[in-house]
Amino acid sequence: MKPAREANGYASDAHGKSGLRNAHRRSLMRLIFIATGVALSLFACLQMFNNNAPLAVVELAASAVLVISATRIMTTRYLQAWIYGYLVAAFSFFLYIIMMPEASTSAFVWVFIMPILSYLLLGRVAGFFLAVPFMLVGGYFFYQQLASLDSARVMIDLLNPVACGVLILLFMHVYETRRADAQDRLVSLAETDALTGLPNRSSFHQNLERCVRDARRHNHGFALVLMDIDHFKRVNDSLGHDAGDHVLRHIAGCLMARLRNTDYVGRLGGEEFGLILREIDPPGAFSLINELREQIAETDAIYQGARVQLTSSFGIAYWPEDASDVNELYRVADSRLYEGKNAGRNVVVACSSGSEMPTSA
C-alpha cells in the first residue's frame with residue numbers, strides 16, 4: 001500500500017526532498033525573475049557608461065526575457081525545467097562576468113549565491129550537484145586572475161572567498177536537511193490519522209481526486225470502497241474508549257496487511273475507513289473486499305486478554321460504471337454502505353440492488 005506522503009505528491013522524486021513545495025517555488029521563482037530582471041536592467045545601464053556595450057545588450061535581453069517569464073511561471077506545467085533553465089543560465093552568466101575582469105573586479109561574489117538558490121529550489125541532493133561544479137569553475141577563474149601565490153596577501157585574497165564559499169555550502173546543506181525533515185514531520189501530522197497511522201480524511205479525498213484524474217488520462221477503472229465497523233459503539237460502551245482505540249488499530253492492521261501495494265486506505269473518521277482499489281474490475285474488487293470482510297470476522301481483536309469479535313460492512317462504487325464525478329462516486333459508495341448496514345451488517349454491497357451481498361453472519 002502506498003504511503004500517504006507519496007500518494008499525495010510528496011514522494012521522493014528526482015529533487016531528493018525537493019526544497020520548497022511547488023506553490024512556494026513558483027512564488028519564489030516569480031520574485032527571482034522580477035528581481036533579476038530589474039537588477040540586470042540597472043547593470044546594463046552601468047555597463048553602457050562603462051563602455052561595455054556587448055555585455056549591456058546581453059543583460060537587457062536577459063532582463064526582458066525574465067520579466068516575461070515572471071508572468072508565466074505561476075501556470076507552467078514544466079516548473080522543474082524552468083528552474084533548471086534559469087539556474088544554469090544564471091550560473092553560466094556569473095562565470096562569464098567572472099572571466100571578464102573589465103566588467104567588474106568583484107564579480108566573483110555571485111558564486112556565493114549559487115548554493116542558496118540551488119538548495120532552495122532543487123533540494124539538497126540536486127542542489128548540491130548543480131551548485132558545486134559551477135562554484136569550482138568560478139573559483140578556478142578567480143584563481144587565474146590572482147597574482148602568483150608568492151605572498152601572504154595573495155593567499156588571503158584566495159582563501160577568504162574559498163572559505164566563505166565552503167561555509168555557505170555547508171550551512172545550506174545542514175539547513176536544507178533540517179528544513180526538509182521538519183517539513184516531512186509537519187506534512188505527516190497534517191495528513192496522517194494519529195491513532196491508526198493511516199492517511200486521514202483530507203488526504204484520502206485528495207488521493208481520490210488524483211485517482212480519478214489518472215483514470216481518465218489512462219482509461220482504466222478503479223473501485224472506491226467505504227467501510228464501517230459494525231456495532232462499534234458497543235465496544236466503547238462495554239470495554240471503554242481505550243478498547244475502541246485498540247480495535248481501530250487492529251482494523252487498520254488488517255486492511256494494510258490484506259491490500260495490494262497499488263491500493264490505498266485511509267481513516268475517514270470514527271469507525272469509518274475508505275479504500276481505493278486501482279486497476280481492478282468489479283468482480284475482482286468484490287472478491288477482494290469479501291475476502292477482507294471474512295478475514296475481519298474471523299480474526300478477533302485481543303484487548304487485555306479479552307477477545308473482541310468484529311464484523312464490518314462495505315459499500316463499493318466503480319469508476320466509471322457508477323459515476324464519473326468524485327462526489328457522485330462517493331455518494332454511491334456511501335449509499336451502498338448504509339444499504340448493507342440496513343440489510344443486517346457484515347455484508348459487501350457492490351450494486352444498488354443488493355444482489356451482490358453475502359449472507360450476514
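Visitor: What makes the 36 residues a nonpolar core, and which have the most contacts inside it?

Guide: In this predicted model, a nonpolar core is a set of buried residues of nonpolar types joined through side-chain atoms within 4.5 Å. The largest such set has 36 residues, and Met29, Phe33, Ile83, Tyr86, Leu87, Phe91 and Met114 have the most contacts inside it. Helices α2 (22-49), α3 (53-70), α4 (79-99), α5 (114-122), α6 (124-145) and α7 (152-191) each supply at least two of its residues. The largest share, eleven residues, comes from α4.

Visitor: What is phenylalanine 91 in contact with, leaving aside its neighbours within four places in sequence?

Guide: Phenylalanine 91 is in contact with Met114, Leu117, Ser118, Leu130 and Phe134. A second, separate core has 35 residues, including Ile251, Leu275, Ile289 and Val308.

Visitor: How many aromatic pairs does the structure hold, and why is the pair of phenylalanine 33 and tryptophan 82 called tilted?

Guide: The structure holds 13 aromatic pairs. The ring centres of phenylalanine 33 and tryptophan 82 are 6.3 Å apart and their planes stand at 45°. Centres must lie within 6.5 Å for a pair, and planes under 30 degrees apart count as stacked, over 60 as edge-to-face and the rest as tilted. The pair is therefore tilted. Phenylalanine 33 lies in helix α2 and tryptophan 82 in helix α4, 49 residues apart.

Visitor: How do you know whether phenylalanine 33 is buried or exposed, and what of tryptophan 82?

Guide: Buried means under 20% relative accessible area, exposed over 50%, with partly exposed in between. Phenylalanine 33, at 3%, is therefore buried. Tryptophan 82, at 23%, is therefore partly exposed.

Visitor: What makes the pair of phenylalanine 94 and tryptophan 110 stacked?

Guide: Their centres are 5.0 Å apart, with 20° between the planes; planes under 30 degrees apart count as stacked. Phenylalanine 94 is in helix α4 and tryptophan 110 in the loop between α4 and α5, 16 residues apart. Phenylalanine 94 is buried at 9% relative accessibility, whereas tryptophan 110 is partly exposed at 31%. Ring pairs link Phe91, Phe94, Trp110 and Phe134 into a cluster.

Visitor: Why is the contact of arginine 179 and glutamate 176 called a salt bridge?

Guide: The N to O distance is 2.6 Å, and the rule asks for a side-chain nitrogen of Lys or Arg within 4 Å of a carboxyl oxygen of Asp or Glu. The two residues are three apart in helix α7, so about one helical turn separates them. Both arginine 179 and glutamate 176 are buried. The count of salt bridges comes to eleven.

Visitor: What makes lysine 341 and aspartate 230 a salt bridge, and where in the chain do they lie?

Guide: Their closest N and O atoms are 3.6 Å apart, and the limit is 4 Å. Lysine 341 is in helix α12 and aspartate 230 in the loop between β1 and α9 (232-239), 111 residues apart. Lysine 341 and aspartate 230 are buried. Salt bridges that share partners join Asp228, Asp230 and Lys341 into one network.

Visitor: In what order do the five strands of the open sheet stand, and why is one side of β2 and of β7 left without a neighbour?

Guide: The order is β2-β3-β1-β6-β7, with mixed pairing. β2 (264-269) and β7 (348-349) stand at the edges with a single partner strand each, so one side of each has no neighbour in the sheet. Helix α11 (residues 282-298) packs on the sheet, touching β1 (222-229), β3, β6 (312-319) and β7, and its direction makes about 165° with that of β6.

Visitor: Why is β1 described as largely enclosed?

Guide: Eight of the eight residues of β1 are buried, so the rest of the structure largely encloses this strand. Phe222, Leu224, Leu226 and Asp228 point one way, and Ala223, Val225, Met227 and Ile229 the other.

Terms used. Residues are numbered from 1 along each chain as its sequence is written. This is a predicted model: local features need pLDDT of at least 70, side-chain atom pairs count only at pLDDT 80 or more; totals for chains, interfaces and linings use all residues. Side-chain values use heavy atoms; hydrogens and water are left out. Two strands pair if DSSP finds at least two bridges between them. Helices (H or I, at least four residues) and strands (E, at least two) are DSSP runs, numbered from the N terminus. Contact means heavy atoms within 4.5 Å. Axes are lines fitted to C-alpha atoms, for helices over the stretch in contact, and angles run from 0 to 180 degrees between N-to-C directions. Buried means under 20% relative accessible area, exposed over 50%, partly exposed in between (1.4 Å probe, protein chains only). Rings of Phe, Tyr and Trp (its six-membered ring) pair if their centres lie within 6.5 Å; planes under 30 degrees apart count as stacked, over 60 as edge-to-face and the rest as tilted.
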